[in-house]
Amino acid sequence: MTLARRFILDRNLVHRFGIVAVLLLISGLLAATTDSFATASNLTNVARQVSINGILAVGVTFVLLTGGVDLSLGSVVALSGVVCALFAHPGEHALLVPIGMGLLTGGLCGLLNGVLVTRGGIAPFIVTLGMMTVARGLALILSGGKPVADMTPALTDLAGDVGPLPIPLLCFALVALVSWVFLGRFRLGRHLYAVGGNEPAARAAGVSVPKVKLFAYGLCGLLTGLAGVVLAARITTGQPNAGQAYELDAIAAVVIGGTSLSGGVGGVLGTILGVLLIGIINNGLDLLSVSSYYQAVIKGVIIVGAVWLDRRQARS
Amino acid sequence: MRLTPRIALGTLGLVATVLVTACKKAEPRKPGEWLVGYSSRDQSAEYTARLGDAVQARAKERGVKLVFVDAQADAQKQISQAENFISQKVDVIILNPCEVEASSPAIDRARAAKIPVINVNSLTKAAPDCYVGSDDEQAGILAMEAIAKKLGGQGNVLMIHGIMGQSAQIHRDAGARKVLAKYPGLKLLDAQTASWDRAKALALTENWIQAHKGKFQAIFAHNDEMAMGALLALERAGLKKDVYVIGVDAIAQALDAVKAGRLDATVFQDAVGQGRGAVDAAILMASKQPFEKEVMIPFQVVTRENVDAFLKK
């Protein structure tokens with residue numbers, strides 16, 4: 001595929017300029033108003049903090065591209081984290097077991113979402129809303145309502161660094177890179193756009209719509225499982241009440257990045273920008289010691305403002 | 001999905017099953033047995049879950065029939081639960097309130113229906129008939145006094161708030177600020193919320209380390225979950241030895257961390273004492289005996305010296 005086509009698939013370059021501008025503007029403001037924002041150690045810090053939302057956002061990009069939605073991200077993060085922690089007590093299993101179980105848990109939840117959406121014909125909003133409460137309940141049942149502690153250092157070390165780079169960031173970067181290549185270069189990736197853009201047309205063109213959707217939800221679930229494992233490593237416990245409202249930050253990042261909520265338009269590059277924007281806002285407001293009440297307001301205004309600027313520019 | 005008769009029947013069947021299962025609990029009462037409704041703030045948070053367990057255990061011990069519901073941190077839900085208690089004609093309602101203001105209508109409705117109400121653990125704007133709990137202001141005072149003592153009254157402090165607007169957050173903050181006012185050398189560098197959440201406190205402390213590295217000597221977290229998050233951030237940055245960290249609640253992990261010399265201290269809140277006290281007060285009220293309007297269960301500071309006594313509890 002030519003480079004030009006790739007940009008068309010990702011809507012277009014211009015579309016992302018708005019977000020890049022907002023990102024640069026806010027970064028510039030923070031660099032000018034604080035001594036600590038534009039330092040290597042703080043940028044590493046931001047990178048570490050955005051990784052979990054980043055992995056989730058890339059995952060849910062696939063679902064949003066098909067015109068669906070996944071509201072169960074936060075609860076599945078908690079469930080996968082709890083399952084991972086349950087298998088991570090020191091000296092019980094090899095390191096791959098807790099990681100694998102966490103991924104498996106997320107993947108299964110995602111596949112179940114996908115099956116209910118495609119075979120059950122239930123709206124994604126409802127299916128994943130159900131999964132949101134079921135997964136939260138399962139996390140509470142499996143953990144007995146208490147944080148699952150006593151995790152092997154081998155696993156919690158995964159929240160640490162390799163050289164100067166945080167391992168969670170490396171996970172996010174790898175996930176984003178593979179997803180970007182996949183969406184642009186692979187037939188199944190292009191089918192995701194086709195299904196979200198015009199489902200009847202995709203079907204007429206011989207695309208197996210259920211398979212494509214099942215794939216999107218399954219992959220999103222798998223990545224949610226990964227985010228759960230990373231979170232458990234980061235907070236050294238499996239927390240049944242972790243991940244509250246994570247889906248909202250993830251979906252916000254995707255939408256800021258230019259992916260349409262009605263499907264068919266967008267991509268991973270935009271999502272990365274959206275994730276960075278949200279991460280930098282969170283970090284910057286703490287650095288500036290902005291009161292908690294104002295933080296919430298400012299964050300909301302910036303998110304809506306960024307999308308508004310972006311869409312306005314895309315139209316002109 | 002089309003609504004075929006089969007689907008409609010299936011749905012009806014499902015609803016019926018759920019209803020029958022739910023109603024099973026409502027067996028007729030034996031004479032002399034009190035029916036008490038308990039609405040927990042949030043059974044997914046460790047402290048309130050422990051409190052709920054303590055209430056259930058005490059009710060069983062004293063032969064009280066308990067209707068146990070979880071408001072899942074939603075004040076709106078808690079109000080509906082109080083309304084359900086009223087229509088179930090319980091003898092006493094025990095409320096573990098979600099919020100100071102928003103849970104108040106639950107109290108008003110119960111009082112209007114002439115059913116006595118006990119608040120446990122947390123206050124509301126509307127006055128209940130009886131309050132069993134601990135004075136959260138005291139927790140704030142104890143924690144900040146411990147910090148003042150450790151720093152010799154000189155230094156910079158950071159404070160991590162619980163969910164803004166909850167009684168525990170408001171009063172722990174007020175207590176801490178009272179102590180800060182007493183020590184002019186003790187400065188509050190910044191205070192932010194991490195909503196009782198470990199991951200949020202971890203990120204917040206990481207950001208603080210960027211903004212104020214080397215400039216703060218103590219962190220007071222309104223609960224242990226957040227203290228554990230702050231602790232992790234400091235340990236990973238290699239700064240723990242320079243910063244005193246104290247939380248509130250004495251959850252199991254925090255006690256282990258105190259024992260291991262990682263966390264400096266926590267303030268013990270007595271879930272079992274509060275739960276027992278609430279059920280005991282409910283029985284007194286139901287049987288029209290005199291009761292105290294306020295039962296205070298004291299907080300205690302837990303450090304490495306006395307942690308063993310609390311690990312046993």
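This is a predicted model: local features need pLDDT of at least 70, side-chain atom pairs count only at pLDDT 80 or more; totals for chains, interfaces and linings use all residues.

Guide: One term to start: two residues are in contact if their C-beta atoms, placed from the backbone, lie within 7 Å. By that rule, among chain B contacts between residues at least 6 apart in sequence, 74% join residues at least 24 apart.

Visitor: OK, how many helices and strands in chain B?

Guide: Chain B has 11 helices and 12 strands. Those are DSSP runs numbered from the N terminus (helices H or I, at least four residues; strands E, at least two).

Visitor: What percentage of chain B is buried?

Guide: Of its 313 residues, 54% are buried. That label takes 20 or more other C-beta atoms within 10 Å of a residue's own; 12 or fewer is exposed, in between is partly exposed.

Visitor: How big is the largest nonpolar core?

Guide: It has 190 residues, and those with the most contacts inside it are A:Ile55, B:Ile94, B:Ala143, B:Phe220 and B:Ala230. Helix H11 of chain A, residues 209-235, gives the largest share of this core, 17 residues. Such a core is a set of buried Ala, Val, Leu, Ile, Met, Phe, Trp, Tyr and Cys residues joined through C-beta atoms within 7 Å.

Visitor: What does B:Phe220 touch?

Guide: Skipping neighbours within four places in sequence, B:Phe220 is in contact with B:Ala143, B:Met144, B:Ile147, B:Val157, B:Met159, B:Ala176 and B:Ile246.

Visitor: Switching to the interface: which chain B elements touch chain A?

Guide: The contact takes 24 residues from chain B and 27 from chain A. On the chain B side, the elements giving two or more residues are helix H2 (46-61), strand S7 (186-193), H7 and H8. H7(B) gives the largest share of that side, 10 residues.

Visitor: How do H7(B) and H8(B) sit against each other?

Guide: The axes of H7(B) (198-212) and H8(B) (224-236) come within 7 Å and cross at roughly 40 degrees. Residues making that contact include B:Leu202, B:Thr205 and B:Ile209 of H7(B), and B:Met228, B:Ala230 and B:Leu232 of H8(B). The axes are lines fitted to C-alpha atoms over the stretch in contact, with angles from 0 to 180 degrees between N-to-C directions.

Visitor: And which residues of H9(B) are buried?

Guide: In H9(B), residues 252-259, they are B:Gln253, B:Ala254, B:Leu255, B:Ala257 and B:Val258. H8(B) is one of the elements covering them, and so are strands S9 (244-249), S10 (265-268) and S12 (300-302) and helix H11 (307-311) of chain B. After H9(B) comes B:Gly261, with a positive phi near 80 degrees.

Visitor: Over to chain A. Where does A:Thr66 lie?

Guide: A:Thr66 is in the loop between helix H3 (40-65) and helix H4 (73-86) of chain A. It counts as buried because it has 29 C-beta neighbours inside 10 Å. Leaving out residues up to four places away, A:Thr66 touches A:Leu192, A:Val195, A:Gly196, A:Val212, A:Lys213, A:Ala216 and A:Gly263.

Visitor: Last one: how do H5(A) and H6(A) pack?

Guide: H5(A) (96-118) and H6(A) (124-143) pack at about 145 degrees, axes 9 Å apart. A:Cys109, A:Leu112, A:Asn113, A:Leu116 and A:Val117 of H5(A) meet A:Pro124, A:Val127, A:Thr128, A:Met131 and A:Ala135 of H6(A).

Notes
Residues are numbered from 1 along each chain as its sequence is written. Chains are lettered from A and ligands numbered from 1 in the order in which they are written.
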